[in-house]
Amino acid sequence: MVSYLGRPRNGARDRLLLPPCRSAVSLRRGDQYNNALARKRHFTSGGTFNETKEIGAVSEIQVGIIGGSGLYRMPDLAEAEQVSIETPFGHPSDSLTIGMLSGLRVAFLPRHGRYHQFSPSHVPARANFWALKSLGVKQVISINAVGSMREDIVPLDLVVPDQIFDRTLNRVRTFFDEGPVVHVALADPFCPAMRPALVAAARSAGARVHEGGTYICIEGPQFSTKAESRVYRSWGVDVIGMTAMPEARLAREAELCYAVLALATDYDVWHETEESVNVSTVIENLRRNTETAQAVIRDVIPMLAQAADCECGSALAQAIVTAREGIDPPTRERLGLLIGRYLE
Ligand SMILES: [Zn+2]
């Protein structure tokens, strides 16, 4: 039994977290214990960064997967365990499932929660990315349902976008809203090493995949009006969704590689002859696409281990503007997981 969160002082872990105790009731008890321990890890003085790094080193979780609509669990994960993590930004959308996939240990998190209880505007994105980072994750695959804004992106096609246009209105988009001042580069918001791997994996899974394209992220929760959709198309976007922001921003601030695998489900509302988007169409096409998405994820995991070098992992190296002596101890403590190595 691997412990992701360390051993308790009183041996309670053995009662709460061993495999036979993974019923819903025991899991809740385990979650409570883990929460307490995770809180201790993140807020005790001195060891925040080292301790969280140690979790990753022990478990060797290289890849995180954020499942979107229709992908709430990964039945392919072997030896799966649930881990609940509390962060300085609250609870993630759900407990994380950690297990083996294609020979590597990965972490899976359903973006909207296992019951789809978080709307796009209320997904706790900062907690989600903090939790993945605290597990030692380096690369994050983000699964997103999208509408097509182009005739030749047909529903059920896959898209691996290379750009994003942020039209969200009501979401916290940074870990550093309370300081220090940090300006990361976002010219290329998706990891250039992960994107080709996702495209290759999609092709090997037999999917029709479009390489590149601009994802416009709207606030929602309503779908667009026809006027909005026409304007977005005139801007040259390729797909429309509600969830890749602020994820791309937060991934960069957390120095995580991040790439989107977008599943086209409809033609939004602009198409003259195709039905306008509605929830039943989206769900039906997601149901048909979920198996493809899981096949792509299975295939891409080994490729990611071999991915080319990129600069995502040092995004903060030149980005922290506040003078080191101007960053107070509570902030250093709170954000140590992200900025600790630049303050030593
Ligand atoms: Zn990268």
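Begin by selecting His-116, which sits in the loop between strand 4 and helix 4; helices (H or I, at least four residues) and strands (E, at least two) are DSSP runs, numbered from the N terminus. The model is predicted: local features need pLDDT of at least 70 and side-chain atom pairs count only at pLDDT 80 or more, whereas totals for chains, interfaces and linings use all residues. Residue numbers start from 1 along each chain as its sequence is written.

His-116 is not a glycine, yet its phi is positive, near 55 degrees. Because it has 14 C-beta neighbours inside 10 Å, His-116 counts as partly exposed. On this scale a residue is buried if 20 or more other C-beta atoms lie within 10 Å of its own, exposed if 12 or fewer, and partly exposed in between, with C-beta atoms placed from the backbone.

Select Ser-102 next, in the loop between strand 3 (96-101) and strand 4 (104-110). Ser-102, also a non-glycine residue, has a positive phi of about 50 degrees. With 17 C-beta neighbours inside 10 Å, Ser-102 is partly exposed. Most residues other than glycine have a negative phi, and most peptide bonds are trans.

Move to helix 4 (residues 125-134): 10 of its 10 residues are buried, so helix 4 is largely enclosed by the rest of the structure. Among them are Arg-126, Trp-130 and Lys-133. Gly-136, which follows helix 4, has a positive phi near 95 degrees.

Now display strand 11 (residues 257-266), where 10 of 10 residues are buried. Strand 11 pairs with strand 5 (residues 139-148) in the parallel sense over 9 bridges; strands pair if DSSP finds at least two bridges between them. Ile-141 faces Ala-259 of strand 11. Strand 6 (residues 158-160) runs antiparallel to strand 11, joined by 2 bridges, and Leu-158 has Leu-263 as its bridge partner.

Two cis peptide bonds come next. The bond from Gly-220 to Pro-221 has omega near 0 degrees, and Pro-221 lies in the loop between strand 9 (214-218) and helix 6 (226-234). The bond from Met-245 to Pro-246 has omega near 5 degrees, and Pro-246 is in the loop between strand 10 (239-241) and helix 7 (247-253).

Finish with helix 5 (residues 194-204) and helix 8 (residues 279-305), whose residues in contact (C-beta atoms, placed from the backbone, within 7 Å) include Ala-197 and Leu-198 in helix 5 and Val-296 and Met-303 in helix 8.

Key. Two residues are in contact if their C-beta atoms, placed from the backbone, lie within 7 Å.
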